[in-house]
Amino acid sequence: MPHTAPPSDAAEELELAASDDAIEAYLARFNARLIHGNDAISIEVSGEAAGVPFRLVPDRGSLARVMKWRKLHAVQRLALVQERLNADTLAELQVEIEHFIAGVERRARQAGLDALPLLGALQTGRELASRRFQVVEDRLAEALFQQKEHSQAEAALHSVRLARYPESFELATGMRRRFIAILGPTNSGKTHQAMEALAAAASGVYLAPLRLLALENYERLVDRDVAVSLVTGEERRLTEGATHVASTIEMMDATRAVEIAIIDEIQMLEDLERGSAWTAAVCGVPAKTVYLLGSLAARPAIEALAQRLECPLEVITLQRKSPLEMEAQCVGNVGKLQRGDALIAFSRREVLEWAANITKAGLKVATIYGNLSPEVRRAQAQRFRDGEADVVVATDAIGMGLNLPIRRVVFSTAKKYDGISEDILPAWLTHQIAGRAGRYGIHEAGHIAGFDDHTHRLIARLMKTHASALPRRGFYVTPSLQQLEAIARATGEKSLAKLLELFSRNIDLSDDFFLPGNLEEQINRALWLDQLRLPLAQRFTFSLVPISSRVPMLNDAWQGWARNVSRQRPNYLSEDLEAFERARFPLQAAEDACKKYSAYAWLGYRLPDYFPDAEAAVAIARETSERVDQMLASQHQSHQRAAVRDDRFGHKSGQRRSSGPSRGGHLRRGR
């Protein structure tokens with residue numbers, strides 16, 4: 001048989017793009033769309049049944065796993081969609097939903113309940129209809145049970161109601177607040193405009209997503225001769241008579257009224273892990289004027305919150321000050337990287353591999369990735385600003401909180417591992433990272449490229465894709481100690497893990513505007529803490545320590561500290577700095593040590609009697625950060641020396657340098 005050559009990447013992408021357009025057009029006829037969820041591709045259908053709106057995935061709407069879907073030809077994809085969703089299957093779904101709603105309404109009416117709030121669960125989307133039916137059934141069962149018996153769940157429900165969550169911030173609730181949303185892409189001047197207003201105010205607070213950003217804007221206010229304090233989880237720089245505070249958002253003080261507050265990166269409302277801090281800040285920061293800074297995609301969410309909180313809202317949209325331009329072709333190899341480039345990878349290991357290869361090519365490198373402390377990130381960024389480094393190699397950590405003189409952003413790949421699978425970057429993240437190119441006042445334009453041809457084409461396509469708007473409901477809330485104590489008083493429950501579960505599962509089931517955030521990791525910690533003889537308040541504090549339980553050294557330190565407190569013993573720091581050089585992986589050990597000392601300082605500000613060396617921990621963390629910075633510099637210098645040796649000996653023998661990080665001798669392309 002004659003052999004048929006496989007289609008080229010370009011042809012394949014054109015075919016898939018056409019397929020995507022055809023599928024989108026077909027689904028639009030049925031008010032449906034394709035969604036990604038749980039590593040699978042599914043069909044989500046929107047509509048109305050018996051007067052109740054719904055947004056559901058039919059039970060036959062799950063099409064294929066992501067990897068299998070990608071292997072299907074365009075015709076196969078469209079055929080599969082048409083098989084699963086057509087006039088007949090849609091009619092069956094409509095009948096099924098109407099029958100279910102009728103049954104729920106009948107049982108609710110018999111018990112004197114309003115079924116409509118319960119049926120709001122059918123609008124969540126991204127989940128199978130049968131699962132959402134079960135959620136409604138569970139809510140109905142809970143409501144019926146509450147009428148018959150006084151149970152633990154009923155007591156918890158009456159002690160904390162998420163529908164009244166904003167009212168828990170008494171000072172903010174009693175103020176006449178107004179919101180000003182300044183929305184726009186990266187490098188549009190959002191922060192500058194708001195910070196000018198903050199600096200001119202009689203009092204104010206800046207709430208940052210990162211310690212690095214809090215520090216940066218603290219220094220900006222100091223330079224303007226504003227009396228300002230810095231307050232983060234791990235550090236305090238308190239100024240006598242301070243009128244302003246720059247802090248991380250989790251450290252918001254809901255008891256101190258100010259004239260102006262700035263909440264930065266407001267689109268973080270949607271973040272499952274940390275979004276509750278933004279919800280709390282919007283609902284609870286006691287300021288006459290609250291500036292909300294972030295992406296244009298956050299506008300619907302901001303409008304919904306302003307309406308719910310009955311606060312007037314002014315929306316200001318800004319355009320990027322310097323244009324972003326997609327380069328005509330990919331970079332191709334390390335030798336074509338230029339001074340002022342930022343090369344983006346998506347893991348610590350790959351950042352270090354790329355840095356090594358770029359250094360061997362004769363360029364000086366700075367490195368930035370998530371595991372580095374804010375101090376080291378800042379020092380590495382300063383090397384790039386000062387011209388000591390030609391190129392910065394970074395993860396997506398560069399996308400928030402670092403203003404660098406980057407001329408061109410080069411993506412080493414268009415895919416990122418999200419903890420479950422490696423998938424194509426979301427459009428919003430691509431825009432955020434790419435937006436770091438072309439700093440206004442330094443470069444006339446920002447440039448974007450992929451390292452290899454395939455990555456270049458994918459990034460070009462993502463740059464043309466609009467980021468999805470944030471939803472107008474479902475804002476995450478996590479419990480305060482006071483809320484857990486209220487549940488404990490109502491139910492008699494003493495276990496922190498069970499109190500957290502009660503909050504997550506049984507609180508205010510009738511209102512989906514505010515939802516319990518992700519408490520999984522906190523509950524897992526609480527299960528271990530409940531074995532210790534600690535008061536609820538101390539167990540709650542330990543459950544929130546910003547330290548990774550997945551790193552054995554850090555988890556061991558955390559458990560040791562908690563055991564000592566349970567025995568009424570203080571935790572002292574050793575006067576001897578750790579000898580990282582003897583560790584198997586010295587750089588990793590030093591990075592983890594920074595996190596350990598920062599966590600100790602975090603606890604020291606909350607439990608000072610048991611962590612008396614908090615100030616020393618801050619100093620040691622800073623010193624350790626300097627050692628990490630030195631290790632990175634030394635590592636890059638050793639690669640430079642190796643490159644010189646290669647020039648003297650290797651290339652004379654006809655050897656070639658690698659174009660980038662390799663696996664099995666092959667260049668790792670963005671495929």
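In the predicted model, helix α20, which spans residues 536-543, is largely enclosed by the rest of the structure, because 7 of its 8 residues are buried. The buried positions are Leu 536, Gln 538, Arg 539, Phe 540, Thr 541, Phe 542 and Ser 543.

A helix pair is formed by α15 (residues 427-434) and α16 (residues 453-463), whose axes come within 9 Å and cross at roughly 100°. Since an angle between 65 and 115 degrees counts as roughly perpendicular, the two helices α15 and α16 are therefore assigned to that class. On the side of α15, the contact is made by Ala 427, Thr 430, His 431 and Ala 434, and on the side of α16 by Ile 459, Leu 462 and Met 463. By residue class, the contact of α15 with α16 comprises 5 nonpolar and 2 polar residues, with no charged residue taking part.

The strands β8, β7, β9, β6, β10, β11, β5 and β12 form, in that order, an open sheet of 8 strands with mixed pairing. Its edges are β8 (236-237) and β12 (313-317), each of which pairs on one side only. Within this sheet, β5 (residues 178-183) and β11 (residues 287-294) pair in the parallel sense over 6 bridges, and Arg 178 has Thr 289 of β11 as its bridge partner. Helix α9 lies across β5, β6, β9 (244-248), β10 (258-263), β11 and β12, and runs at about 165° to β11.

The loop between α9 (190-200) and β6 (204-208) contains Ser 203. With a relative accessible area of 17%, Ser 203 is classed as buried, because this value falls under the 20% limit. The side chain of Ser 203 reaches the backbone nitrogen of Glu 259 at 3.0 Å. When neighbours within four places in sequence are left aside, the residues in contact with Ser 203 are Thr 243, His 244, Val 258, Glu 259 and Ile 260.

Technical notes: Residues are numbered from 1 along each chain as its sequence is written. This is a predicted model: local features need pLDDT of at least 70, side-chain atom pairs count only at pLDDT 80 or more; totals for chains, interfaces and linings use all residues. Side-chain values use heavy atoms; hydrogens and water are left out. Buried means under 20% relative accessible area, exposed over 50%, partly exposed in between (1.4 Å probe, protein chains only). Helices (H or I, at least four residues) and strands (E, at least two) are DSSP runs, numbered from the N terminus. Axes are lines fitted to C-alpha atoms, for helices over the stretch in contact, and angles run from 0 to 180 degrees between N-to-C directions. Angles under 35 degrees count as roughly parallel, over 145 as roughly antiparallel, 65 to 115 as roughly perpendicular and the rest as oblique. Contact means heavy atoms within 4.5 Å. Ala, Val, Leu, Ile, Met, Phe, Trp, Tyr, Cys and Pro count as nonpolar, Asp, Glu, Lys and Arg as charged, and the others, Gly among them, as polar. A polar contact is a pair of N or O atoms within 3.5 Å; within protein, one must be able to donate a hydrogen and the other to accept it, and residues adjacent in sequence count only if both atoms are side-chain atoms. Two strands pair if DSSP finds at least two bridges between them.
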